[in-house]
Structures are given as structure tokens and as C-alpha cells.
Amino acid sequence: MYTEELIAPDLILLLLVAPTRWPQAENRINGITRLEKLLFLIDQECEYDDAPSEPFNFIPYHYGPYSKEVYESVELLEEVGLIAEKREFTDSDLDYAEELLYSDTATEISYERQFLLTSDGTRVAEYLSRAHPQLQQQIHRLKDKYAGLSLQDLIYNVYSRYPGYTGRSVIREKIIGSST
């Protein structure tokens with residue numbers, strides 16, 4: 001079987017379509033920070049031979065691992081109609097603060113960006129899932145493990161396991177200090 005070469009945005013589609021025991025993460029990811037941290041964990045913890053060409057490049061930044069390519073990929077997937085974004089008011093200052101820092105579309109109102117597959121996106125994601133079953137299984141396990149955590153617990157997990165990405169964090173003391 002011919003295996004479609006992956007590009008970095010495909011990982012977002014595979015993450016969204018991955019089954020999970022968490023109802024709040026079924027065919028969706030709530031929050032840009034959560035999406036970014038889950039993609040970072042895929043990069044760090046999933047082993048696969050068919051790595052994406054031009055993968056996400058994560059660097060240590062204000063909120064831990066950051067990749068501008070995640071934001072660009074979300075925009076691309078929205079523009080081509082594979083994902084939709086829904087915005088919900090939230091009291092999560094973590095997502096809001098990161099959004100203000102990195103997005104030129106942020107507003108003064110605190111909201112969470114929720115990413116969902118469109119019907120076309122579902123078809124593409126299911127195709128990719130069939131073409132890359134081993135990777136999809138690993139993403140499924142990762143999503144089951146982390147997608148149901150609170151955002152603060154997810155960030156704590158990333159910070160405690162990958163401290164090399166926290167050197168420039170403006171929230172490290174709040175995250176590490178609050179969970180100890």
C-alpha cells in the first residue's frame with residue numbers, strides 16, 4: 001500500500017480524529033495551548049518511521065515548548081476547510097495569555113479556541129489514520145493519557161518531564177509551584 005507522506009499539519013488532523021475516552025476531546029481539542037502541548041508530546045513520545053517533512057520546530061519560550069508552525073498549520077487547515085474553530089468564553093488565563101502573546105487575532109475578551117474537524121477534515125483524517133496505523137495508535141494512546149487533564153496539569157506534566165523547555169517560561173513558578 002502506498003503511504004502518503006506526512007506533513008506537520010497532518011499531525012493535527014490525526015490528533016483530532018484519534019479516539020479517546022475523554023468526551024471533551026472526542027474529534028476536537030479545546031484550546032491552542034492544549035493543542036500545542038499535545039503536539040509537542042507527540043513529537044517527543046511517539047516513535048514513527050514516517051516522520052513529517054518539515055516537522056513542528058519546538059523551542060523553549062514564555063509558556064514552555066512553542067512552535068510558530070502550530071499556529072500557521074491551524075490557519076492553513078482552517079483556510080482549506082479541514083478544521084473549524086469555535087470560540088467559547090473561558091476563565092483559563094493560561095490559554096488567554098498565550099493567545100494574547102502569539103496571535104494577531106486575540107481580543108481583550110478571554111476565550112478558548114476549540115478546534116474541530118469539518119466533514120472534509122474527518123474524511124482526510126480518517127484516510128491518514130488508515131495510511132499510518134502505527135502512528136495513529138500511538139497518538140490515540142497519547143490523547144487518552146493527556147487530553148483529559150486540566151490545562152494546568154498538562155503543562156505541569158510537560159514542564160516536569162521536559163525541563164529543558166521551561167528556561168524562558170514566564171509561568172514556570174506558577175505551574176511547578178502550584179502542583180508540588
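## A salt-bridge network

With a relative accessibility of 21%, Glu-85 counts as partly exposed; this class lies between buried (under 20% relative accessible area) and exposed (over 50%), as calculated with a 1.4 Å probe on protein chains only. The model is predicted, so local features need a pLDDT of at least 70 and side-chain atom pairs count only at pLDDT 80 or more, whereas totals for chains, interfaces and linings use all residues. Residues are numbered from 1 along each chain as its sequence is written, and side-chain values use heavy atoms, with hydrogens and water left out.

Across the whole structure, a search finds 8 salt bridges, each being a side-chain nitrogen of Lys or Arg within 4 Å of a carboxyl oxygen of Asp or Glu. One of them joins Glu-85 to Arg-87, with 2.7 Å between the closest N and O atoms. Arg-87 is partly exposed, at 40% relative accessibility. Glu-85 also forms a salt bridge with Arg-113, where the closest N and O atoms are 2.9 Å apart. This second pair links distant parts of the chain: Glu-85 belongs to strand β4 (residues 83-89) and Arg-113 to strand β5, 28 residues apart. Helices (H or I, at least four residues) and strands (E, at least two) are DSSP runs, numbered from the N terminus. Through shared partners, salt bridges join Glu-78, Glu-85, Arg-87 and Arg-113 into one network.

Arg-113 meets Glu-78 as well, in a salt bridge of 4.0 Å from N to O. Because Arg-113 lies in strand β5 (residues 111-117) and Glu-78 in helix α3 (residues 68-79), the pair ties together parts that are 35 residues apart in sequence. Arg-113 is buried, at 8% relative accessibility, while Glu-78 is partly exposed, at 28%.

Helix α5 contains 13 residues and reaches 19 Å from its first C-alpha to its last, close to the 18 Å expected at 1.5 Å a residue; the expected span is 1.5 Å times one less than the number of residues. Its buried residues are Gly-121, Ala-125, Leu-128, Ser-129 and Ala-131. They cover an arc of only 165° around the axis and therefore lie on the same side of α5, the arc being that of the directions from the helix axis to the C-beta atoms. On the other side of α5, Ser-119 and Arg-130 are exposed. The cover over the buried residues of α5 includes α1, β5 and α6, with contact meaning heavy atoms within 4.5 Å.

Helix α6 (residues 133-146) has 14 residues, and the distance from its first C-alpha to its last is 20 Å, close to the 20 Å expected at 1.5 Å a residue.

## Aromatic pairs

The structure holds 6 aromatic pairs. Rings of Phe, Tyr and Trp (its six-membered ring) pair if their centres lie within 6.5 Å, and planes under 30 degrees apart count as stacked, over 60 as edge-to-face and the rest as tilted. In the pair of Phe-40 and Tyr-162, the ring centres are 5.2 Å apart and the planes stand at 90°, so the pair is edge-to-face. Phe-40 lies in helix α2 and Tyr-162 in the loop between α7 and α8 (172-178), so this pair ties together parts that are 122 residues apart in sequence. Phe-40 is buried, with a relative accessible area of 0%, and Tyr-162 is buried, with 15%.

Tyr-66 and Tyr-71 form a tilted pair, at 5.9 Å centre to centre and 45° between the planes. Tyr-66 counts as buried at 14% relative accessibility, as does Tyr-71 at 9%. One aromatic cluster consists of Phe-40, Phe-56, Phe-58, Tyr-162 and Tyr-165.

## Positive phi angles

Asn-27 is not a glycine, although its phi is positive, about 60°. Asn-27 is placed in the loop between α1 and β1 and is partly exposed, with a relative accessible area of 34%.

Glu-54, also a residue other than glycine, has a positive phi near 50°. Glu-54 lies in the loop between α2 and β2 (59-61) and is exposed, with a relative accessible area of 71%.
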